[in-house]
Amino acid sequence: MAEAERARATRAKELASLQASGKGRSSSPAPSAAKGEDRVRKTLASPSPPARAAAKVAPAPAKTVASARRRAGAAPLAAKTVATAPSTSYALLGSPFPLRPLTARRTVRKEAVKGRVWTFDQPQGLGFSKVTVNTRMTVVRLKSGGLWVHAPVAPTGECLALLAELGGEVECVVLPTFAIEHKVFFGPFARRFPRASVWVAPRQWSFPLDLPLSLLGLGFRDVFELDDDLSIAQCPWRAEVDFAVNLQEGFSEIGPYCEVGFFHRDTKTLLVTDCVVQVPRDPSSLGCLDPEELVSNAAPQALNPFSPTPPDSPAARLLGWQRTVLQVLFFGPGDLNEPAATFDALCEPRVILSPVVRTLVFSKCAEGVARWVDTVCAWDFDKVIPCHLAGPFSCGPDEFRRAFSGIYAAAGRTTPAKGTGPFGLGPPKETAPPLDFDRDLPADMRILNGLNGFLVAVGAVDDPSKKK
Ligand SMILES: [Fe+2]
């Protein structure tokens with residue numbers, strides 16, 4: 001092993017040991033020390049004992065870790081798409097309902113932008129269904145050398161080791177949404193990094209019991225709400241990673257919708273959670289999905305539990321993947337036995353708005369969502385990393401906005417598009433018309449529209465047509 005690699009491996013082991021034991025030093029001052037603290041809303045005011053102890057220790061300068069790596073002559077880390085054996089140390093802990101896989105959860109790390117951005121994908125399925133997709137955490141290296149963590153996944157030993165290999169302290173942990181599948185491991189992950197500052201999308205709630213975050217694993221440490229009005233002084237990392245809050249309330253009796261979009265300026269990367277996705281044709285490109293699970297969803301009769309599982313083959317894996325994607329996106333497509341046509345209509349390079357989010361949420365608050373998209377599209381991003389399916393994928397503001405063209409139409413607006421000429425003038429780029437789910441895939445929308453109709457009928461959500 002080369003000298004540089006030995007030094008890096010030693011450093012990674014030290015960091016893993018420190019972070020697993022909660023002794024890792026934060027490299028940034030606690031946000032509560034920032035000027036104008038009163039404008040930062042805390043959801044939990046009392047600092048935890050570790051946080052109180054941490055406050056008495058002068059934090060190490062942020063450059064310490066990065067400088068150490070440079071002194072050690074650490075070579076740039078290569079992309080790692082296949083990790084070590086999946087960790088079995090994380091099973092049912094941290095989840096209020098069964099999430100598969102129950103006994104082993106593989107983590108696959110990829111370098112999205114050399115030396116600056118990494119994705120960590122894990123498989124995740126609900127209950128005892130045959131549907132498993134990837135859920136993704138993204139890690140950004142700040143200029144300080146520290147790490148900024150978006151939408152944490154299960155903190156398995158394997159996941160923490162892959163994170164520690166990057167070097168640098170975890171400075172911030174961010175929950176970008178109210179959605180339970182991303183919240184469920186947020187507390188357990190954040191507990192591994194007691195010196196990191198913790199930020200969450202505003203107006204968190206849970207259903208059927210509206211549990212406080214402290215009961216979702218965060219204990220009594222400081223938790224800060226993301227707010228569009230926060231200044232750099234109040235939220236220092238915002239100088240590098242800007243954000244825009246998509247908070248939509250008032251249309252639902254259950255709770256508000258919230259997803260926060262983030263823009264890492266240096267790498268022109270947009271981070272979102274669930275609103276848009278890109279469907280990869282090849283599930284193996286995600287790296288973390290178990291082929292056996294895919295094949296288990298490829299029985300000749302999809303809805304017959306006694307239909308035998310076929311032998312493993314590329315065709316069986318593809319069929320299982322097509323069904324999985326459509327079950328996730330539509331809850332149940334028009335024809336689960338023959339999903340290829342719908343799958344092809346949705347596939348890459350299309351960037352699509354999530355049909356579930358679009359139907360159950362955005363259709364009811366189109367004006368507010370369009371305003372959020374306007375804010376996001378003022379950023380000069382060239383790639384998007386969502387929390388599911390493909391990512392990163394190439395996408396700029398025009399393409400992102402086009403995915404929301406139905407929402408703009410519902411808001412009574414056209415979708416603005418830059419021209420292809422100098423200064424954005426001239427004719428807009430010729431592209432295929434965006435997918436209109438109700439027009440183009442009516443049979444696949446039947447279940448979602450039925451669920452939406454039920455929620456409106458029982459008064460759980462507003463019918464926007466009644467407002468007109
Ligand atoms: Fe999600």
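Residues are numbered from 1 along each chain as its sequence is written. Because the model is predicted, local features need pLDDT of at least 70 and side-chain atom pairs count only at pLDDT 80 or more, whereas totals for chains, interfaces and linings use all residues.

Student: Which residues touch the most other members of the largest nonpolar core?

Tutor: A nonpolar core is a set of buried Ala, Val, Leu, Ile, Met, Phe, Trp, Tyr and Cys residues joined through C-beta atoms within 7 Å, and a residue is buried if 20 or more other C-beta atoms lie within 10 Å of its own, exposed if 12 or fewer, and partly exposed in between, with C-beta atoms placed from the backbone. The largest such core holds 109 residues, and the members that touch the most others are Val 149, Val 173, Val 198 and Val 276.

Student: Which helix gives the largest share of this core?

Tutor: Helices (H or I, at least four residues) and strands (E, at least two) are DSSP runs, numbered from the N terminus. The largest share amounts to seven residues, and it comes from residues 314-330, which form helix α8.

Student: Why is β7 described as largely enclosed by the rest of the structure?

Tutor: Strand β7 covers residues 170-175. The strand is largely enclosed because the number of its residues that are buried is six of the six.

Student: Which residue in β8 is the bridge partner of Val 173?

Tutor: Two strands pair if DSSP finds at least two bridges between them, and β7 and β8 pair in the parallel sense over four bridges. Within β8, Cys 172 has Ser 197 as its bridge partner, while the partner of Val 173 is Val 198.

Student: Which residue in β9 stands opposite Val 200?

Tutor: Strand β9 (residues 223-225) runs parallel to β8 and is joined to it by two bridges. Val 200 is one of the buried residues of β8, and opposite this valine in β9 stands Glu 225.

Student: Within what arc do the buried residues of α11 fall?

Tutor: In helix α11 (residues 366-376), the buried residues are Ala 366, Val 369, Ala 370, Trp 372, Val 373 and Val 376. Seen down the helix axis, they line one face of α11, because they fall within a limited arc, which is 160 degrees. The arc is that of the directions from the helix axis to the C-beta atoms, and for these residues of α11 its value is 160 degrees.
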